[in-house]
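Hi,

Here is the structure for your set. Notes on the sheet and the cores follow below.

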Amino acid sequence: PPNLSDSQSSEANDEISILDLLIVLAKHKILILGLPFVVAVIAAGYSLTLPNIYTATAKILPPQQSQSAASAMLTQLGGLAGLAGGAVGLKTPNDLYIAMLKSRTVADKMIQRFELMKIWEIDIKHPSDAYKELADVTKITAEKDGTITIAVDDKDNKTAADLANAYVDELVKFTNVLAVTEASQRRLFFERQFALAKDNLSKAEEAARRALQTGGLVKVDDQGRAMVEVTARLRGQITVKEVQIGVMQTFAADRNPQLELARQELASLKRELSKIEGGGDTKSETISPSGKGSDSLRLLRGVKYNEVLYELLARQYELAKIDEAKGSSVVQVMDRAIVPDRKSKPRRILIVLLSAFAALVFSILWVFVREGIARAKSDPQQASRLLDLKRFLAWK
């Protein structure tokens, strides 16, 4: 049948093609086997000239920030909760500590401590080369189990271990300078705000004291004092809310629900303050002939306003210090780097095998290309097409 004959013919052609391939390989067996052997010998010789590289590894466990503790603290902060949350930030501990390990500050300490520019023979005019070299020999990775691995390569196994352990030491020193945990960031934020409020209160009290000594204060009745206290407290809440919104805008989108809620609360506080100030009875104060009654209210309002801020921030500052003391944690060293007793690089056997394999593939492709060109030259039609290919490939 025709179908049977066509299939037999196709199988015959396939057998002939495979046989032709085997013939070509056998014809050039010296090149195919010899080139990989020569390349393997050269690669082996070259790999023997490469220095041994040792890798020392240290593993640390960064402080794990407690979300439940942070949430409990934020509920105690009241109106400052959003502000403290913004100051804390949302980065994971591992990202933060890896960034610290890769910082230029830590790199400077490492370079100075081990005199790496001298060891690596780096020109003093190009200190940036030392940073690049240190980054090339250091690998810092965050593991899935929450730990951070610091691996350092060096020609000397003891130096590799010393460098890896020095990274841990410098990180511990760095964390003592920076506020990196949630509690320490809250404490630092309230410490600055508390110091500013304390300074402003001192200035307001000093101004009132000077006015009293010079007779610039007049008596303010109870109704005036009550109004001053209410407006001062509202102004203090407005100030806190405005700072909160300013911080939230640095990390929250414009349509963020919490940000919109904070804006609505601010608008409500301003409306309430406007009503009180607009409907206040300013005649309740005792006005002196020289018109010093308004000055008395202004000075009293300034003192009360700063007192409100001072009291609020003082409470939150103390809470932040207690929270930091309870939740204080340090970088824990799970595994200090030990002096490696086996080299990690170069992998000489792998270099030889990969070089030989690449040479084998290249030699096979080369003999097939040569054989194809030779056959094309023997065929007049293919020879003409080959000339066209050479003409198009030629650069004019």
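In what order do the 4 strands of the open sheet stand? The order is β2-β3-β1-β4, with antiparallel pairing. This is a predicted model: local features need pLDDT of at least 70, side-chain atom pairs count only at pLDDT 80 or more, and totals for chains, interfaces and linings use all residues. Residues are numbered from 1 along each chain as its sequence is written, and side-chain values use heavy atoms, without hydrogens and water.

The sheet: strands (E, at least two residues) and helices (H or I, at least four) are DSSP runs numbered from the N terminus. Two strands pair if DSSP finds at least two bridges between them. β2 (138–142) and β4 (332–335) are the edges; each has a single partner strand, so one side of each lacks a neighbour in the sheet. Twist averages 25° from one strand to the next. β2 and β3 are joined by 5 bridges. Thr 141 has Thr 149 in β3 as its bridge partner.

The cores: a nonpolar core is a set of buried (under 20% relative accessible area, 1.4 Å probe, protein chains only) Ala, Val, Leu, Ile, Met, Phe, Trp, Tyr and Cys residues joined through side-chain atoms within 4.5 Å. The largest has 33 residues. Leu 101, Met 110, Leu 134 and Tyr 167 have the most contacts inside it. α9 gives the largest share, 9 residues. Leaving aside neighbours within four places in sequence, Met 110 is in contact (heavy atoms within 4.5 Å) with residues including Leu 134, Leu 163 and Tyr 167. Another core, of 11 residues, lies apart and includes Phe 190 and Tyr 317.

Best wishes

Terms used:
Buried < 20%, exposed > 50% of the residue type's maximum accessible area, 1.4 Å probe, protein only. Axes fitted to C-alpha atoms, helices over the stretch in contact; angles between N-to-C directions.
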